[in-house]
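Please keep the sequence and the structure side by side while reading.

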Amino acid sequence: MPAPGRGPADSFVGGLEPASAPAGKAAQHTAAQTDPRGTATVARRTRTLHLAAALTTAAALLLTACGDDGDSPDTIEGADKGSKSPSPSDSASPRADRPEITLPAGFRAEFTGWTDSDPKTQAVLDDGKERLRGSYAAIGDADPEASYLSFYSARGARESGRKWVAGYQGLTIVGEVRVYDPQARLTGEGAATLFYCVDESKGFSKDLKTGKKEGTPKGESPKVQYRTALRKNAQGVWVTTSVESEPGGCR
């Protein structure tokens with residue numbers, strides 16, 4: 001089934017991997033290897049799910065533009081733009097009004113183990129989870145420009161997310177996925193990483209015209225590890241700045 005975030009390829013910021021991250025090189029799918037429409041599967045839309053679109057291009061944008069996608073790195077779409085906000089690290093930073101996200105009818109995402117005793121770590125988990133849910137919701141709404149998806153994304157992750165959702169034109173997602181084994185770590189002031197696994201074995205993409213459903217292609221693992229980098233913006237939201245996925249990277 002389609003795995004949000006594993007969309008039109010974002011590039012992960014290297015050097016921030018948790019010590020427990022599995023060894024091995026994460027998937028690197030270039031534009032030449034990815035059909036923008038692909039074989040619709042929740043798990044892998046012919047690598048459209050899998051960081052579909054241009055991983056190489058997104059990586060280049062991330063490195064050369066340094067996140068310049070027309071928005072300030074500390075500004076999110078849909079957030080309150082009142083008086084000057086305090087530093088992202090300021091414990092008194094205002095909490096932005098989170099958008100309401102509704103998953104597609106017939107689709108369910110079960111999050112297992114997404115709690116932590118540390119409030120700071122929990123905040124990373126909460127916003128990282130909503131970014132993933134927003135990716136699924138945008139596919140169901142057929143809206144690459146969904147404000148709730150942009151709310152939780154910045155830099156390369158924002159544009160790649162839009163392209164990934166656009167790759168599902170004429171399709172939706174059904175079934176269910178299990179999102180488990182989250183590993184969140186604060187890596188510096190206002191910076192964090194979040195790794196997690198998604199089991200897409202019961203998730204499918206569905207053609208809206210024919211009703212045909214497709215799952216993970218034979219021979220490919222339905223379990224994928226996502227590796228994301230986040231930063232806390234001025235509104236207190238942990239926005240995802242980059243995403244990388246590794247098929248078969250989870251048990």
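## Strand pairing and helices

The model is predicted: local features need pLDDT of at least 70, side-chain atom pairs count only at pLDDT 80 or more, and totals for chains, interfaces and linings use all residues. Residues are numbered from 1 along each chain as its sequence is written, and side-chain values use heavy atoms, with hydrogens and water left out.

β1 and β2 run parallel and are joined by 5 bridges. Strands pair here if DSSP finds at least two bridges between them. Helices (H or I, at least four residues) and strands (E, at least two) are DSSP runs, numbered from the N terminus. β1 has two faces. Phe 107, Ala 109 and Phe 111 make up the covered one. Arg 108 and Glu 110 make up the uncovered one.

α2 has 23 residues. From its first C-alpha to its last, α2 reaches 32 Å, close to the 33 Å expected; the expected span is 1.5 Å times one less than the number of residues. At the start of α2, a side-chain oxygen of Asp 118 comes to within 3.0 Å of the backbone nitrogen of Lys 120. The helix is largely enclosed by the rest of the structure, because 17 of its 23 residues are buried. Buried means under 20% relative accessible area, exposed over 50%, and partly exposed in between (1.4 Å probe, protein chains only).

α4 (residues 156-166) is mostly covered too, with 8 of its 11 residues buried. Among them are Arg 158, Arg 162 and Trp 164.

## Core

The largest nonpolar core has 39 residues. Such a core is a set of buried Ala, Val, Leu, Ile, Met, Phe, Trp, Tyr and Cys residues joined through side-chain atoms within 4.5 Å. Tyr 136, Val 179 and Tyr 196 have the most contacts inside it. Elements that each supply at least two residues include β1, α3, β6 (223-232) and β7 (238-247). α2 gives the most to this core, with 8 residues.

What does Tyr 196 contact, leaving aside its neighbours within four places in sequence? Its partners include Trp 114, Leu 132, Val 179, Pro 182 and Val 224. Contact means heavy atoms within 4.5 Å.

## Disulfide

Counting cysteine sulfur pairs within 2.5 Å gives 1 disulfide. Cys 197 and Cys 250 form it, with sulfur atoms 2.0 Å apart. Their link is left-handed, at -85 degrees about the S-S bond. Cys 197 lies in strand β3 and Cys 250 in the segment after β7, so the pair ties together parts 53 residues apart in sequence. Both cysteines are buried.

## Positive phi

| Residue | Phi | Relative accessibility |
|---|---|---|
| Ala 142 | about 50 degrees | 62%, exposed |
| Arg 155 | about 55 degrees | 22%, partly exposed |
| Asp 181 | near 50 degrees | 41%, partly exposed |

Where do they sit? Ala 142 is in the loop between α2 (119-141) and α3 (147-151). Arg 155 is in the loop between α3 and α4. Asp 181 lies in strand β2. Ala 142 and Gln 169 are 27 residues apart along the chain. Their C-alpha atoms are separated by 6.8 Å.

Conventions:
A polar contact is a pair of N or O atoms within 3.5 Å; within protein, one must be able to donate a hydrogen and the other to accept it, and residues adjacent in sequence count only if both atoms are side-chain atoms.
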